[in-house]
Amino acid sequence: MIEFRSVTKRFPDGTLAVDDFSLVVPSRRITVLVGSSGSGKTTILRMVNRMVDPTSGVVEIDGEDAQRLKPVALRRSIGYVMQNSGLLPHRKVVDNIATVPLLNGVKKKEARARALELMDTVGLDRSMADRYPSQLSGGQQQRVGVARGLAVDPNILLMDEPFGAVDPIVRDELQNELLRLQRDIGKTVLFVTHDIDEAFRLGDQVVIFRTGGIVAQQGTPAEILAHPADEFVASFIGADRGRRALHVESTPTGSVLVDADGRAAGRLADAPASSTDGAAAGVSGAKAATLPVAGAAAQGEGRT
Ligand SMILES: Nc1ncnc2c1ncn2[C@@H]1O[C@H](COP(=O)(O)OP(=O)(O)OP(=O)(O)O)[C@@H](O)[C@H]1O
């Protein structure tokens, strides 16, 4: 579990990127941070592996203050997947995946064998192992990025707009893969996006930000859809409502989650009006996991 307690980040130039942010990120669930550009999402993510240190407040990882953990060790034990995959262009796919294990002292042969296994895990043909990143499609590069993030078998996986740079079809495929993978490996995933549909699709728990790292609402997708906390959230989630796969409809017997084709995708059991405190979010994350998720449900990939 990761816990942010009253975390604030002011950069040396005076920019207040995150303001008094608190959140419980439950283990083995996907928590998605979503908001417009500059709302502080990346800064929050980077506080987990100490690429950024908070100005005040505490980030705890499994009950331990991250400030007490060595940054290098932390970064080598937490998976980090970036937009544009962040691959080293002059290294072959297999070597890119094995980079951190090698830094951690794993023997070359072993690291390579593990990298090949990870290629299977993320759906990459092993024949691509000796290619360079430029010889792969954008979607394949992202898969390599995910494999690299998983290479140290981390409990925590940080994903910063990992699917932002690929076309909608590949993006859809990668999202499905992540959900499938997560069912198997059950990591604690903190995922950043500016795409609310992606957030609702992937997140057990979703946190919607305003500018300045201020939380507008947090809860399960169903709770947020059913009870947007205010006008800001309503307009943020409603901006492309027509396209959204998952929405809530009232029926005489209660609220029902409905997919894009009008099929019932799940039932809403007494969702609270909003869930803006961290403790509630941890619980509600578990509840959300009982609901099939948009798109994934349509493709027979309902979550368990
Ligand atoms: N090193 C830095 N020095 C000064 N300001 C910074 C620094 N890094 C980020 N910021 C500022 O902090 C704010 C939050 O940035 P951050 O990258 O966390 O936002 P974000 O929500 O991830 O945005 P995006 O979706 O565009 O990636 C922005 O105003 C940004 O300009």
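**V100.** I started with V100, which counts as buried because it has 21 C-beta neighbours inside 10 Å. The cut-offs I used: buried means 20 or more other C-beta atoms within 10 Å of a residue's own, exposed means 12 or fewer, partly exposed is in between, and C-beta atoms are placed from the backbone. V100 sits in helix α3. Helices here are DSSP runs of H or I with at least four residues, strands are E runs of at least two, and both are numbered from the N terminus. Leaving aside neighbours within four places in sequence, I find V100 in contact with R76, A151 and V152. Contact means C-beta atoms, placed from the backbone, within 7 Å. I also checked V100 against T43: they are 57 residues apart along the chain, and their C-alpha atoms are separated by 22 Å.

**Ground rules.** This is a predicted model, so I note that local features need pLDDT of at least 70 and side-chain atom pairs count only at pLDDT 80 or more, while totals for chains, interfaces and linings use all residues. Residues are numbered from 1 along each chain as its sequence is written.

**Helix α3.** I listed the buried residues of α3 (residues 93-103): V93, V94, N96, I97, A98, V100 and P101. They pack against α2 (71-77), α4 (108-121) and α5 (138-150). After α3 comes G105, with a positive phi near 100°.

**Core.** I97 turns up again in the largest nonpolar core: of its 69 residues, V48, I97, A147 and L158 touch the most other members. β2 gives the most to this core, 6 residues. Such a core is a set of buried Ala, Val, Leu, Ile, Met, Phe, Trp, Tyr and Cys residues joined through C-beta atoms within 7 Å.

**Open sheet.** I traced an open sheet of 4 strands, order β2-β1-β4-β5, with antiparallel pairing. β2 (16-25) and β5 (64-65) stand at the edges with a single partner strand each, so one side of each is left without a neighbour in the sheet. Two strands pair if DSSP finds at least two bridges between them. β1 (residues 2-10) and β2 run antiparallel, joined by 6 bridges, and I2 stands opposite V25 in β2. α1 lies across β1, β2 and β4 (56-61), at about 55° to β2. For that angle, axes are lines fitted to C-alpha atoms, for helices over the stretch in contact, and angles run from 0 to 180 degrees between N-to-C directions.

**Ligand.** Which residues come nearest to the ligand? Of the 13 around it, I get F11, A17, S37, T42 and T43; near means a C-beta atom, placed from the backbone, within 6 Å. Helix α1 (residues 41-48) supplies the largest share of this shell, 3 residues.

**β9.** I found β9 (residues 205-210) mostly covered, with 5 of its 6 residues buried. β3 (residues 30-35) runs parallel to β9 over 5 bridges, and V32 has V206 as its bridge partner. β10 (residues 214-219) pairs with β9 in the antiparallel sense, also over 5 bridges, with V207 opposite Q218.

**Whole chain.** I count 10 helices and 13 strands. Of the 304 residues, 45% count as buried.

Key. Contact = placed C-beta atoms within 7 Å.
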